[in-house]
Amino acid sequence: MYKPDEDIDRLSREAAEHYNAPGKPAWDALRETLNKELPQEERKRRGFLFFFLLAVGVSVAGGTIWYTVRFDTPVIATEKPVTKQPGQRDNSTAAAKMLPVKVKDKVLSATTGSNNNKRVNTQKASSGSPVTKAAGVAMRSNSNEVKSNHTISLQAASMHRPYKTPQPPLAALPERLPRNANRQEAVSSTTKKINYKDRNREPAAQDNSMQDNHTGADIAADDIKKDIPIRELPPMDLEHNTPPANTRSNPAVQLLVSPAPAVADTKQVVPVKNSGVAHPKASNLKNKPAHQQAILMGLTAGLDMSTVKFRYGSNAGYDIGFLGGYQFSSHWSAYTGISYTKKKYKLKGSDYNPPRNYWTQYVQLETIEGYCRMWELPLLARYTFNPGAKTAFFVSMGMSSYFMKRQVYDYYYKTSTGPANTIWTNDNTFNHIFNILDLSAGIEKRVGKHISWQIEPYARIPLGGVGFGNIRLSSFGINFTVQYKQPIKR
Amino acid sequence: MGDEAVQILKLVDGCCKNDRNSQGALYHWLYGYAMKICYRYTNHQHEAEELTSESFVKLFKNMHLFDAGRQLNTEALFKAWFKRIIINTCIDHLRKHHSMVNGHVHNTDTESVADMQETAIDKLSYEEIIEAIKQLTPVYRTVFNLFAIEGFSHEEIATQLHISVGASKSNLSKARHNLRKIISHQTQYNTYVQTR
């Protein structure tokens, strides 16, 4: 019996439909052919350009801030709280009010003017009358170069001394200093004897200086000149015509010893225009917390161990990048930056979730080994437990963004003809903005005034799938960072 | 339009832009489908693989000609279009490498086929049937594939192969005859192996 033709045709169709042809995909060979037959245009570098511009922008901004901070011009203190007590006169130099009008103007200009003016006025004053000489001494106190915060504070305080010490009228001056005494002699003896090296031998002169408006500034100025360690002053004895043991009872010494408490004793604090005198360091004292703010820059590199659901281990990847940050306070700081990362990992086929109808869904995918290269942008908040210590500990938490640039996978799967593997490369960019929880803790060790190095173990936990395969890629590793810290001076 | 259609159209769009990743994905998706067809038209596996690759190159070169239109079954439409490309590639290959000329048909099997057992072909597996088809001469195999499996008419076959309709019918008849003979031998061999 012959089989009808229709049966042969039907069976042949069924066989053609259901049989499995041998052979394995050879995409690499076909890709080579396509590169010849259908060459691709040169890959656009827009992504690279974006990150390049971003890096340049960050560098320029950081440099600008650094330059501004580093070469900051002194801020003119326009207001300064001083004590105003009942019956106290204005601060416009009581000494100047005691001078003739011509000299008074010079004194005022000397206490408020520029260095050039000071020099001229000093010369004029030194060649004038005794009173003029006294004014000249006062002017010299302002012509001194200000070299330290403390001296400037003293200088500033000395100029406001009349506010703190009610000045008795000239008639009430001690008899030791007669009203009609030679002012030049008094001033010269004051400027000479207020030298604390000799003050035990010449206490009367110091007492005079305390009651003389002209010499208040002179005392401080001469002390500043000689760089006397003010806080090491020995107590003086009243019985032997020396300053009292409790120096706080002596306004002049109080000013010299500790200018700050004078303000603390204020009953009424009023802002007074400071005649335009620059007090950059004094303002620093006023804004002391500003020293805690700083700009942070660092280079980081480290090892990366990635895994997908902890099923397989893999070789270590790496990351290298730039970090920038801002320290808000001694404990808190914020960090960001950019790093180039290569992650290596191996995953199970069931953990790989490409788009629907992708060819891997038509084969029995066993495992995938691969790696990816990406740009990583963290945004972290950091808390330092013991700021200022040479070795500090910190914890960080934040979110990171992945910008995957290349994925290379080696698929291991089974076909009807046996196991097979295919290498696949994807150069498309997959962006995952703030999709990674970034946790880290570490140790920071200072190795210089501004330089420190850090060791920072980290964990990056995915909040969603990443890459073409939508995989849950967790990363653990350790980063080594060299950091430069530039305090912000205000 | 379903998700599958969207995915296919995305791949097609990527291939039109000469995107290697889309081409790679499409290649892996349709490799088995193409290989099945090419394997039936050739004697050797490596020849089938070459035809498959050549078909894909043609596909990627002419991808812009594919128009899904408003068809509901985009996958079937695309596969049918690709199948036509594969068959044309196989026929071109046969023209180049085999002595099939217009209107002339090799007829090497002239002996009559012996009686076959009615159930002989039913006992063969799909792979054995395909192997039997592959043992036909290139011309018989091509005509049989086109008519019995692909579903072309004799007029279409005649047009594609540049032969007459009568030659197509004659080649098909002889192809079936030879196929029965090959299957009979195969069945007898299988029966012999099983009885031992």
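Me: Why does A:Phe310 count as exposed?

Reply: A residue is buried if 20 or more other C-beta atoms, placed from the backbone, lie within 10 Å of its own, exposed if 12 or fewer, and partly exposed in between. A:Phe310 has 8 C-beta neighbours inside 10 Å and therefore counts as exposed. The model is predicted: local features need pLDDT of at least 70 and side-chain atom pairs pLDDT 80 or more, while totals for chains, interfaces and linings use all residues. Residues are numbered from 1 along each chain as its sequence is written, and chains are lettered from A and ligands numbered from 1 in the order in which they are written.

Me: Where is A:Phe310 placed, and what is its phi?

Reply: A:Phe310 belongs to the loop between β3 (294–308) and β4 (317–327) of chain A. Helices (H or I, at least four residues) and strands (E, at least two) are DSSP runs, numbered from the N terminus. Its phi is near 55 degrees, a positive value in a residue other than glycine.

Me: What makes A:Phe434 partly exposed?

Reply: A:Phe434 has 15 C-beta neighbours inside 10 Å and so counts as partly exposed. This residue lies in strand β9 (residues 430–446) of chain A. Although not a glycine, A:Phe434 has a positive phi of about 45 degrees.

Me: Why is B:Ala76 called exposed?

Reply: B:Ala76 has 10 other C-beta atoms within 10 Å and is therefore exposed. B:Ala76 is part of helix α4 of chain B. From B:Ala5 it is 71 residues away in sequence and 9.9 Å away in space, C-alpha to C-alpha.

Me: What elements does chain B have?

Reply: Chain B has 8 helices and 0 strands. Of its 196 residues, 40% are buried.

Me: What makes a set of residues a nonpolar core, and which elements give two or more residues to the largest one?

Reply: A nonpolar core is a set of buried Ala, Val, Leu, Ile, Met, Phe, Trp, Tyr and Cys residues joined through C-beta atoms within 7 Å. The largest has 33 residues, and B:Leu26, B:Tyr27 and B:Ile86 are among those with the most contacts inside it. Two or more residues come from each of α2 of chain A and α1 (3–16), α2 (20–41), α3 (45–61) and α4 (74–97) of chain B. α2(B) gives the most to this core, with 12 residues. Apart from this core lies another, of 24 residues, including B:Ile130 and B:Leu172.

Me: How do you know which residues B:Tyr27 touches?

Reply: Two residues are in contact if their C-beta atoms, placed from the backbone, lie within 7 Å. Not counting residues up to four places away in sequence, B:Tyr27 touches A:Pro25, A:Trp27, A:Leu30 and B:Phe56.

Me: How do α2(B) and α4(B) cross, and what is the class of the residues in their contact?

Reply: The axes come within 10 Å and cross at roughly 35 degrees; axes are lines fitted to C-alpha atoms, for helices over the stretch in contact, with angles from 0 to 180 degrees between N-to-C directions. The crossing is right-handed, a term for a near helix turned clockwise from the far one, whereas left-handed means turned anticlockwise by less than a right angle. The contact of α2(B) with α4(B) has 10 nonpolar, no polar and 2 charged residues. Ala, Val, Leu, Ile, Met, Phe, Trp, Tyr, Cys and Pro count as nonpolar, Asp, Glu, Lys and Arg as charged, and the others, Gly among them, as polar.
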